[in-house]
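Dear colleague,

I am handing over the structure below, and I would be grateful if you could look through it alongside the notes that follow.

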Amino acid sequence: MSETDRRKFLAITGAGAAAGTVALTAGPVFAASESRRSKDAAAESVVAYVEDHRSGRLRLMLGDREVVVHDRDLVTRILNAAGGK
Amino acid sequence: MSSHREAPEIAKDPAADSTDTYAFVSPDRPGTVTIIANFIPLQKPDGGPNFYEFASDVVYDIRICNTGSGFADIVYTFHFETMVRNPESFLYNTGQIKEITDTTWNRPQFYTLTRTENGTTRTLGTRLAVPPVNVGTRSTPDYAHLADQAVHTIGGRKVFAGQRADAFHVDLGSVFDLGGLRPFNQAHLIPLAKMDGINSVQSFNVHTIAIQVPISEVTRKGNKPTDVMSRDSVIAVWSTARRRTSRILDRSTGRYVGHGKLRQVSRLGNPLFNEVIVPMGKKDVWNIRKPGFDSAFAKYVLQPELAKLLPVLYPGDTFKNLKAYTKPRADLAAILLTGIPAGVVDGFQNFTGGRQADMLRLNVAVPPSDNPNNLGLVAGDAAGFPNGRRIDDDVVTIELRAIAGLTIPLVDPSYTVDGAASAIEDGTTNTNAPLLDVFPYLGLPGGGYQTEPGTTKAS
């Protein structure tokens with residue numbers, strides 16, 4: 001399964017969450033094997049900002065830093081989550 | 001004015017709102033330059049129990065360009081922290097504050113001062129004390145002593161951060177009531193009885209950051225220039241305030257938490273630029289731009305709205321020649337955007353090159369005046385605005401007269417100045433707190449207990 005396909009799959013399988021708490025990842029099996037934190041993962045609160053829903057650009061703000069991620073699939077999943085799906 | 005609540009967004013964020021910037025060769029230490037930036041406008045001195053203070057989530061800067069680029073070459077940055085000694089008390093002070101270190105001050109502030117040049121940031125001082133606000137006769141019985149204790153010497157520099165009396169004077173009530181100038185009330189489109197101006201800022205305080213540094217620390221060649229006509233003698237100054245990109249309400253503490261890079265939310269170079277030159281729809285974006293990008297705003301300088309309004313508000317022949325003048329205002333562009341080139345005013349220039357940028361330009365080779373004229377350069381005193389800005393310079397009158405056409409002949413000798421352009425003023429004088437002869441020069445802030453209420457007239 002390609003990385004993009006896997007993300008789509010995760011987004012679809014996570015769509016059954018209870019109202020108001022939408023899961024961005026699949027169940028524990030996938031979460032444990034595919035979403036392991038790297039040693040450089042942020043260990044503080046993070047603000048994610050999708051400025052333009054038509055782009056694949058995601059701005060992550062943490063501390064005094066900003067990280068811009070270009071990942072259309074990730075943005076799509078966030079948009080879906082924001083839409084309740 | 002000069003930049004108090006001048007744009008819609010920053011008016012909602014007083015802690016980051018710059019109000020005035022001053023830059024002048026220090027009259028008592030002419031080997032140094034003093035730069036002062038005020039923030040947090042129109043502070044009513046009795047505004048307790050949560051008195052005005054610097055925001056610890058705002059970073060305050062004094063910026064200097066000595067290359068004409070419109071971008072900062074040197075930045076002095078003030079980072080504040082606030083300490084709460086007893087969070088179980090609602091009081092700002094739990095007893096008299098006689099010394100700046102007294103533990104009766106429940107909410108002391110401190111700051112770290114850094115200097116950045118060529119990408120290198122150096123810390124000049126840490127844990128530098130801010131004085132308390134002037135609470136009143138009982139709480140801060142010797143305020144001058146507290147303020148003195150907050151003047152810090154760092155090498156050849158002096159620095160201060162804290163509350164002061166606003167030194168700006170202007171008739172806000174009349175100016176923003178359809179451009180009224182009380183001494184000329186009878187000539188207004190809606191005439192009223194002629195009267196003296198009322199200084200709206202008289203009883204209000206601000207928060208000040210101030211530095212006094214050797215001139216050689218801020219000039220292009222690292223020296224103390226003596227040739228007025230050399231480009232190397234000119235520095236350009238402005239202030240900024242920066243906040244994190246996002247603010248999230250932390251529901252566990254009830255406080256906002258910032259995330260992301262520090263972003264400029266306020267700036268101030270020349271007085272009144274954003275206030276009366278930049279139109280409403282552009283004021284917010286102007287505040288977040290660097291001066292080096294100001295060419296986008298040049299059209300508002302070249303054809304200022306106020307110059308068109310004056311002949312309407314004061315009809316008849318009052319501003320007849322101004323009304324007929326349709327050429328771009330190269331005089332205002334020189335004053336506000338490029339500095340005044342050589343050959344315009346005999347023996348003077350503060351030109352920084354072709355880059356259009358709103359910066360307060362100071363030719364540091366011009367010595368302090370023995371007899372300052374608060375109308376500055378237009379009155380023949382080259383040590384005053386628009387060559388830098390001294391605290392007592394009457395920038396409202398200077399800029400009103402400039403916009404009314406008084407400075408057009410500097411670049412267009414064919415123009416005949418309207419008589420009113422030489423007389424126009426808002427009618428205020430400096431009735432603010434007395435200035436000091438020494439750093440930080442601004443007067444002591446009014447005290448809360450000593451404050452008397454203003455008008456309640458509705459008509």
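In chain A, strand β1 is joined by 3 bridges to strand β2 (residues 57–62), and the two run antiparallel; strands here are DSSP runs (E, at least two residues), numbered from the N terminus, and two strands count as paired if DSSP finds at least two bridges between them. Within this pairing, Y49(A) lies opposite R59(A) of β2(A).

Before going further, please keep in mind that this is a predicted model, in which local features need pLDDT of at least 70 and side-chain atom pairs count only at pLDDT 80 or more, while totals for chains, interfaces and linings use all residues. Residues are numbered from 1 along each chain as its sequence is written, and chains are lettered from A and ligands numbered from 1 in the order in which they are written.

The two strands of chain A described above belong to an open sheet of 3 strands, ordered β1-β2-β3 with antiparallel pairing. Its edge strands are β1 (47–49) and β3 (65–70) of chain A, each of which pairs on one side only. From one strand to the next the twist averages 20°, where axes are lines fitted to C-alpha atoms and angles run from 0 to 180 degrees between N-to-C directions.

In chain B, strand β4 (residues 74–82) and strand β5 (residues 109–117) run antiparallel and are joined by 9 bridges, with I74(B) standing opposite E117(B) of β5(B). β5(B) is also joined, by 7 bridges, to strand β6 (residues 120–129) of chain B, again in an antiparallel arrangement, and here T116(B) has T121(B) in β6(B) as its bridge partner. β5(B) and β6(B) form a hairpin with 2 residues between them, and N118(B) in the turn has a positive phi of about 55°.

Where the chains meet, 7 residues of chain B are in contact with 7 residues of chain A, contact being counted if the C-beta atoms, placed from the backbone, lie within 7 Å. On the side of chain B that touches chain A, β10 (234–250) and β11 (255–268) each supply at least two residues, and the largest share, 4 residues, comes from β11(B). By class, that side of chain B has 2 nonpolar, 4 polar and 1 charged residues, with Ala, Val, Leu, Ile, Met, Phe, Trp, Tyr, Cys and Pro counted as nonpolar, Asp, Glu, Lys and Arg as charged, and the others, Gly among them, as polar.

As for confidence, the model scores ipTM 0.82 and pTM 0.93. Chain B averages a pLDDT (the predictor's confidence in each residue, from 0 to 100) of 97, and 100% of its residues score at least 70.

With best wishes

Definitions and conventions. Two residues are in contact if their C-beta atoms, placed from the backbone, lie within 7 Å.
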